[in-house]
Amino acid sequence: MGKIKFIIPCDEANHVCDKTQYKDATLWEKVKLNIHLIYCRACREYTKNNSKLTKTIKKADVECLSTSTKADMKKEFEKVLNEVSN
Amino acid sequence: MPDHKINPNKWIDLYSDYLFNYTITRVNDREIAQDLVQETFFAGLKSMKNFKGEASERTWLISILKRKIIDHYRKINSNKGKAEVRINYNDAESEGDWLEERVSDPFDKTAEDTLQNNELGDAIYNCLGKLPEKQAEVFKMKTILNYETEVICNELNITASNLWVIIHRARTAMADCLKTNWF
């Protein structure tokens, strides 16, 4: 039988946990994360805080400018900035 | 002695999202919010010599923005008629239904919720302001704008593993920063 890796190190567990926050983790990765969490207190703590962060940001409903809008804004701003500094 | 310096070259990178979020929670319209933020930056440029360095740049810009928001509401209110609430019924059938319509919607956000959300949003932006610029940028693109990993990597010219390292650092710092007051 080929060796299937069930055990992952902490840094990988945290990485999967980060991906889970954006729904980017695969099912198999999540299984491995959960096996890791059974015996690792530090990663349990990280996972807890990480999920709280996700929930908090969702609840706050914060907004920001899209990258393209910001670029447009910069262009306009630079025009005025040049006028002012001349 | 002035404690704070002014450097408009960095304004958009450092403050535009914060100002935008501040505005949109108060005017509820993306386009108007964008315009108000842009106007704030222009007004800031024009009155740069009045900056005394007593407050931080961000505080100073917010004070300009607040005036812009008030002006905005003043303007729409002076367009008489538009600000009035009108209930017109054209047919006899719906005429009697008005009482039910005035009952408050239980699924609507209460004023208190909105207020708390504003504060929470401000807290999040305060914490974002403490992150290194790059971390804040990547974190916002991934978490608030919900861009795909690929899109961000192309835009910023970084690899996916770079991105996840940055996200990890940003998330750890954000959780730490918000933990004291909000978790």
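**View 1. Residues 122-174 of chain B in the predicted model.** The end C-alpha atoms of residues 122-174 of chain B lie 13 Å apart, and this span is 83% helix and 0% strand; helices (H or I, at least four residues) and strands (E, at least two) are DSSP runs numbered from the N terminus. An unreviewed UniProt entry lists these residues as "domain: RNA polymerase sigma factor 70 region 4 type". The model is predicted: local features need pLDDT of at least 70, side-chain atom pairs count only at pLDDT 80 or more, and totals for chains, interfaces and linings use all residues. Residues are numbered from 1 along each chain as its sequence is written, and chains are lettered from A in the order in which they are written.

**View 2. The side of chain B that touches chain A.** The contact takes 29 residues from chain A and 35 residues from chain B, where two residues are in contact if their C-beta atoms, placed from the backbone, lie within 7 Å. Helices of chain B that each supply at least two residues include H1 (11-27), H2 (30-46) and H8 (160-182). H8(B) gives the most, with 9 residues.

**View 3. The crossing of H3(A) and H8(B).** The axes of helix H3 (residues 41-60) of chain A and H8(B) come within 9 Å and cross at roughly 75°; axes are lines fitted to C-alpha atoms over the stretch in contact, with angles from 0 to 180 degrees between N-to-C directions. H3(A) is therefore roughly perpendicular to H8(B), a term for angles of 65 to 115 degrees. Among the contacting residues are Leu53(A) of H3(A) and Trp182(B) of H8(B).

Methods:
UniProt positions renumbered as here; feature names shortened; annotations may be inferred. Parallel < 35°, antiparallel > 145°, perpendicular 65-115°, else oblique.
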